[in-house]
Amino acid sequence: MRKFFGFSVLTAVTASVTIALTKTASAAVDPETAFIFNTLSFLMHGFLVMWMAAGFCMLEAGLVRTKNTTMQCAKNITLYSVAGLLYWLVGYNLMYMDVSGFMGSFAIWSGSDDVITADGFTGDGSGYAASSDWFFQMVFVAATASIVSGTVAERVKVFPFLIFTVLLTGIIYPIQGSWTWGGGWLSEMGFSDFAGSTIVHSVGGWAALAGAIIIGARTGKFGSDGSVHPMPGSNLPLATLGTFILWLGWFGFNGGSQLAMGSAADVRDIATIYVNTNMAAAAGVVAAVILNQIIYKKLDLTMALNGALGGLVSITAEPLAPSIGTAVLVGGIGGILIVVAVPLLDKLKIDDVVGAIPVHLICGIWGTIAVVLSNGDASFTTQIIGIVAIGAFVLITSAVVWGVLKLTIGLRASEEEEFLGLDRAECGLEAYPEFGGGSGRV
Amino acid sequence: MRKFFGFSVLTAVTASVTIALTKTASAAVDPETAFIFNTLSFLMHGFLVMWMAAGFCMLEAGLVRTKNTTMQCAKNITLYSVAGLLYWLVGYNLMYMDVSGFMGSFAIWSGSDDVITADGFTGDGSGYAASSDWFFQMVFVAATASIVSGTVAERVKVFPFLIFTVLLTGIIYPIQGSWTWGGGWLSEMGFSDFAGSTIVHSVGGWAALAGAIIIGARTGKFGSDGSVHPMPGSNLPLATLGTFILWLGWFGFNGGSQLAMGSAADVRDIATIYVNTNMAAAAGVVAAVILNQIIYKKLDLTMALNGALGGLVSITAEPLAPSIGTAVLVGGIGGILIVVAVPLLDKLKIDDVVGAIPVHLICGIWGTIAVVLSNGDASFTTQIIGIVAIGAFVLITSAVVWGVLKLTIGLRASEEEEFLGLDRAECGLEAYPEFGGGSGRV
Amino acid sequence: MRKFFGFSVLTAVTASVTIALTKTASAAVDPETAFIFNTLSFLMHGFLVMWMAAGFCMLEAGLVRTKNTTMQCAKNITLYSVAGLLYWLVGYNLMYMDVSGFMGSFAIWSGSDDVITADGFTGDGSGYAASSDWFFQMVFVAATASIVSGTVAERVKVFPFLIFTVLLTGIIYPIQGSWTWGGGWLSEMGFSDFAGSTIVHSVGGWAALAGAIIIGARTGKFGSDGSVHPMPGSNLPLATLGTFILWLGWFGFNGGSQLAMGSAADVRDIATIYVNTNMAAAAGVVAAVILNQIIYKKLDLTMALNGALGGLVSITAEPLAPSIGTAVLVGGIGGILIVVAVPLLDKLKIDDVVGAIPVHLICGIWGTIAVVLSNGDASFTTQIIGIVAIGAFVLITSAVVWGVLKLTIGLRASEEEEFLGLDRAECGLEAYPEFGGGSGRV
């Protein structure tokens, strides 16, 4: 009788409970208990988002060629580390402390004493431990950096890439983040981006786009006659694993962005977010699979994977307000955008190794616009202003950083190194030294 | 002194606390706090079960040959998506709403308005958010579908398989589920299946068995002289990863099936379930390893992996009532059944690519019978009635669906496609395009 | 306005809340609610530590050669199973029941009736379910055993290894564990090891070191002329995945070692632990990458991975007291120790296949000493006494067990078996039967 109990009660109490469980009903939970729940939500959802670092790594390691796989792994674990250190040294304060319109405290250490001091977190927020919030915010900035590494894979040199990561996670991401989540000017205008379709995903996408254009395509990817040379991913089960990890992590990404779990209303909202997040991803898969089958008569696994991710990015700006049907619609359109945008990028001769631009940039924009479908407080105009302002800021600052790196220490591996593979050229280790041809194979 | 505190208190208060912490002791937790705990249990344990989708995918991708690996990944992520959509559109209501003996409301949308409406979940159950429960139930139906895909791998065409998934997750699973968990006739008889040895695992197993028989064995698997041609899995570390994922997810599967965490008694039960679940799996591994060593003088990894899964399925029908010793016994017998049943299926010329029938069907039956070892409320006769009724229903309905698909759009890839591999034939992508021979190798 | 709320309040209430949230402030949470939180912490953090078993398995499977990969997977899933069974039968009581200085109750069954009986856990501790604590302790002993399997890979025979695992997890680990965590003589002296830099990690490291010396190096690893023959890992993305899994699991390892979550002070401490744990690992990566680049001009992925693990082990003895800056320092030195120690072991002709001795032994010692940097209650002398006493005990007892096994049933695969690979010799299964050369390749 596993559900009989639940079912019978459900029928009876629906109407009254729905009214009772408004945000104000949380008085019943004592403040310290609520503090524990809120903090636990940041920690549990935070470790799920941390796990997304492994997801991006596996996805990208599976979608590059064997000869660049070691490098892709090395870049991903290092960028996750760099993101955490920079967000501690600079980013968090820039994003959340003393934000007055444009950005917060640009103090590397001293400006953040009341939250982050040399002795670590000494303060606690009203209702949650400050360090749990910091942990949750930190794994978000790491996600942004992970997006970039996929697009520019297989030809960018690692140390210029890591310098870009330093600036992205320490400066660029936090400044635009302060505009909305830090309480800056976009927040005051009413821009709405619940868990970061724009603030996390399209930011990563814009930075990746700038990189892809400035670094250029992989040698041989685009023929002078307009032909596109496919360079298939070397390990598709690994890419699939990465997608499943990301899907799992997204429950933390969106669910934790409720920022509280200390009341029935909050945890009910988190439950709704889980369901909408899952259904948008499912719809993204099914839409991408069906459309791809119609157009190409093939079940292209990479489209199914990116369809899931496209659905997830699309629902991220508003995973709470939509009905399930709307979530399915939002995610399904995300899946369709993937199938449409991937060949479009090829036509534009933009070489995006893992498809991160369709997933994170295009679906990020779509998701941010789609907020108006379900959230009555959101305005179409304001959503567009937010998308354009953040996009322009990130595209320009990223382009400047990529450009300066190109002109100074150089961005690209030499053609010889690219042919040999970055694993041998920069890592000195092959990913699969015993498997037919190893990483030397083009 | 990490444990000194705990140890000293443990000795002192055992007797009294044991009495105090009965189910009725939960009055001390205020209702809203209990609501949060209950909902959190569904969400946390639900995401662990969702993660099992990745486990099934990795297990199956590792146990098929290279040339069918992409397809196995594509099928698994798509079936997880289809299961969620169908359970939303049809399945949940059929299983839980207005169940009167045989099944619930066979209304695609309108019949479930008071729980699932076009606006999403608006109702809350007594003590938990309705959508958290829905999420938890949904990932269970996906597990059932995942079981089938392993058995019929390497020769079934993908779209007929997905149509079968639609009917399994939308109709077949929910109807039999309504009999027990929905409060139907088996529930009234007292059939006991805590987390689904029968209702989830053997249902998947019966559907897989029907498929394996109707689709037939892979070309070349069984010689006309009774010989069995081994077709070894192409990536055993991936299969091992899948097993570890499933083991982890099973804490959610069994632990979350307590359906509540809002009292000390409930969380204590969940803790007991974690321990019993783990010990049954451990015993399954050790029993399978030892027996296999005795019979074949080899440490067969696939037997160790399926031994773990066999132990887990065996304890699933009753993970709470057994002592640890009984859990070890139940799981150990599960491991032994694996070693015995795998060659038996070969003798019967049933081609089960990943060993899902021994794991989920045979151990599912064993686990459901084993309930009577520890649960005094269970009756042997009723357990058998449940096993037979559900088995007959699922075997027959599945056979009809597989049969109709075979006679209409066809179920099997052509011999040429099978030789080439489904990755090239239906996906147009190789799983490991650079590794010796790629997926074209037989 | 995701953070605006948090930010504004943070600024206002920091000073007062910091004072209010001392350990004594937990009176506000009712005892049963605290019981649920405490138990939930053991369960949630326990499943994260259980997941580390998969991390060790993937790390090791990726770092051995193809021909020994199946065996490495088989050993890891079996040792996890054996550890659980032995800790139930012997270990837990030896470590925690009736500890009087040297060890607890050496009763296989009967001595532990009041906590673990033939009927399972019947008692509950003050504030948490006994079985949740047992689950959490059990996954720790499994981690210790996992460390050993990496070092002695590629030449130890499986059954002698499993016998060693029985004695390590049933006897050696619990006895030394009783000295501190069981309330024995080291605890009385004030030895401080929060989550087990010494008690878990260096214990695994000492047992591995004894094994590596007694078993000897792999054939061909060290030339008689002092040359070192590199034997590169066969699947580096898998090793990367393993490292990410371990990193994720470490939030459970260190966070759960707070042993309570039922007050604001406890959950705030857990949040601090998460941050420090993450930052130490990040610093380990960055330090190892930079130092390796300076010395070798290469981004050696295995150094980045072991740098993460070195940082994690280093912070494990005291993840709560340090400021973030100190955590970064402690972890960064851990990363440096990796880069220094790996070639040192080669010079000593100690063949440590996965680098477990630098990570778990050397960083374990460093982390235990580093406790005095931040924890005012710790004494340098006592820390050294603990390190030496536990080291001597484990090194000697392990050496005796390895030695007796060597003299009786034998420890090493024959040279022929080693050349052929343990997968064929002992498992009868290749890990990647279709990939260029398969596991027969040296």
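The crossing of H8(B) and H9(B) is right-handed, meaning the near helix is turned clockwise from the far one by less than a right angle, with anticlockwise being left-handed. This is a predicted model, where local features need pLDDT of at least 70, side-chain atom pairs count only at pLDDT 80 or more, and totals for chains, interfaces and linings use all residues. Residues are numbered from 1 along each chain as its sequence is written, chains are lettered from A and ligands numbered from 1 in the order written, and side-chain values use heavy atoms, leaving out hydrogens and water.

**Helix pair in chain B**
- The axes of H8(B) (residues 236-255) and H9(B) (residues 264-296) come within 9 Å and cross at roughly 140 degrees.
- That angle makes H8(B) oblique to H9(B) (under 35 degrees is roughly parallel, over 145 roughly antiparallel, 65 to 115 roughly perpendicular, and the rest oblique).
- Axes here are lines fitted to C-alpha atoms, for helices over the stretch in contact, with angles from 0 to 180 degrees between N-to-C directions.
- Helices are DSSP runs (H or I, at least four residues), numbered from the N terminus.
- On the H8(B) side, the residues meeting H9(B) include Trp247(B), Trp250(B) and Phe251(B), and their partners in H9(B) include Ile270(B), Tyr274(B) and Val285(B); contact means heavy atoms within 4.5 Å.

**Helix pair in chain C**
- H2(C) (residues 31-63) and H4(C) (residues 130-151) have axes that come within 8 Å and cross at roughly 15 degrees.
- The two helices are therefore roughly parallel to each other, and their crossing is left-handed.
- By class, the contact of H2(C) with H4(C) has twelve nonpolar, seven polar and two charged residues (Ala, Val, Leu, Ile, Met, Phe, Trp, Tyr, Cys and Pro count as nonpolar, Asp, Glu, Lys and Arg as charged, and the others, Gly among them, as polar).

**Chains B and A**
- Chain B puts 88 residues into the contact and chain A 76 residues.
- Together they bury about 6,600 Å², 73% of it on carbon and sulfur atoms (buried area is the accessible area, 1.4 Å probe, that two parts lose on being put together, summed over both).

**Salt bridges**
- Arg218(A) pairs with Asp351(A), the closest N and O atoms being 2.8 Å apart.
- Arg218(A) sits in the loop between H7 and H8 of chain A and Asp351(A) in the loop between H11 and H12, so the pair ties together parts 133 residues apart in sequence.

How values were computed: Salt bridge = Lys/Arg side-chain N within 4 Å of Asp/Glu carboxyl O.
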